[in-house]
Amino acid sequence: MKSNKRIFITLLCMAVLFAMAFSAFYIVAESGHDCTGEHCAICHQIELCENLLRSLALAVNIVGACVVGKFLCGYCRTKRNGITAAPTLVALRVKLSD
């Protein structure tokens, strides 16, 4: 079950990277095309690719900010308390045999 989840996550990451890479390549390849006017299909596709790249960049920034915030919150909490739990026999998993 765990390997199926790992495969799915890997495929999902590869699909996102594939979409990002080919959107960027399409924008570069078609940047100098001859525009046919207001309803140009290539301009519309370029706009869609730009929107995809913007939204993926925003998602990556939000996730990164959440990770950094969680790390800083945990760091500040331990720094502020300054008290660490004393190791007990139960925490150390000591077997008390008679």
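Reader: Which residues is Ser23 in contact with, leaving aside its neighbours within four places in sequence?

Author: Ser23 is in contact with Cys49, Leu52 and Leu53, where contact means heavy atoms within 4.5 Å. This is a predicted model, in which local features need pLDDT of at least 70 and side-chain atom pairs count only at pLDDT 80 or more, while totals for chains, interfaces and linings use all residues. Residues are numbered from 1 along each chain as its sequence is written, and side-chain values use heavy atoms, with hydrogens and water left out.

Reader: What makes Ser23 buried?

Author: Its relative accessibility is 6%, and buried means under 20% relative accessible area, exposed over 50% and partly exposed in between, with a 1.4 Å probe and protein chains only. Ser23 therefore counts as buried. Of the 98 residues of the protein chain, 5% count as buried.

Reader: How do you know that the side chain of Ser23 has a polar contact with Ala19?

Author: A polar atom of the Ser23 side chain lies 2.7 Å from the backbone oxygen of Ala19. The rule asks for a pair of N or O atoms within 3.5 Å, one able to donate a hydrogen and the other to accept it; residues adjacent in sequence count only if both atoms are side-chain atoms.

Reader: Why is the pair of Glu50 and Arg54 called a salt bridge?

Author: Their closest N and O atoms are 3.9 Å apart, and the rule asks for a side-chain nitrogen of Lys or Arg within 4 Å of a carboxyl oxygen of Asp or Glu. The pair therefore qualifies. The structure holds one salt bridge. Both residues are in helix 2 (residues 41-81), four residues apart, which means a separation of about one helical turn. Glu50 is partly exposed at 31% relative accessibility, and Arg54 is exposed at 52%.

Reader: How many aromatic pairs are there, and what makes the rings of Phe18 and Phe22 one of them?

Author: The count comes to two. The ring centres of Phe18 and Phe22 are 4.5 Å apart and their planes stand at 50°, so the pair is tilted. Rings of Phe, Tyr and Trp (its six-membered ring) pair if their centres lie within 6.5 Å; planes under 30 degrees apart are stacked, over 60 edge-to-face and the rest tilted. Phe18 is exposed at 52% relative accessibility, whereas Phe22 is partly exposed at 46%.

Reader: Why is the pair of Phe22 and Phe25 called edge-to-face?

Author: Their planes stand at 80° and their centres are 5.9 Å apart, so the pair is edge-to-face. The two residues are three apart in helix 1, about one helical turn. Phe25 is exposed, at 54%. Phe18, Phe22 and Phe25 form one aromatic cluster.

Reader: What makes Ile9 part of a nonpolar patch?

Author: Ile9 has a relative accessible area of 43%, and patch residues need over 30% and no salt bridge, with nonpolar side chains (Val, Leu, Ile, Met, Phe, Trp, Tyr) joined within 5 Å and like charges within 9 Å. Phe8, Ile9, Leu12, Val16, Leu17 and Met20 form the patch, with about 550 Å² of accessible area together, by the Shrake-Rupley method with a 1.4 Å probe, where for residues only the protein chains shown count as cover.
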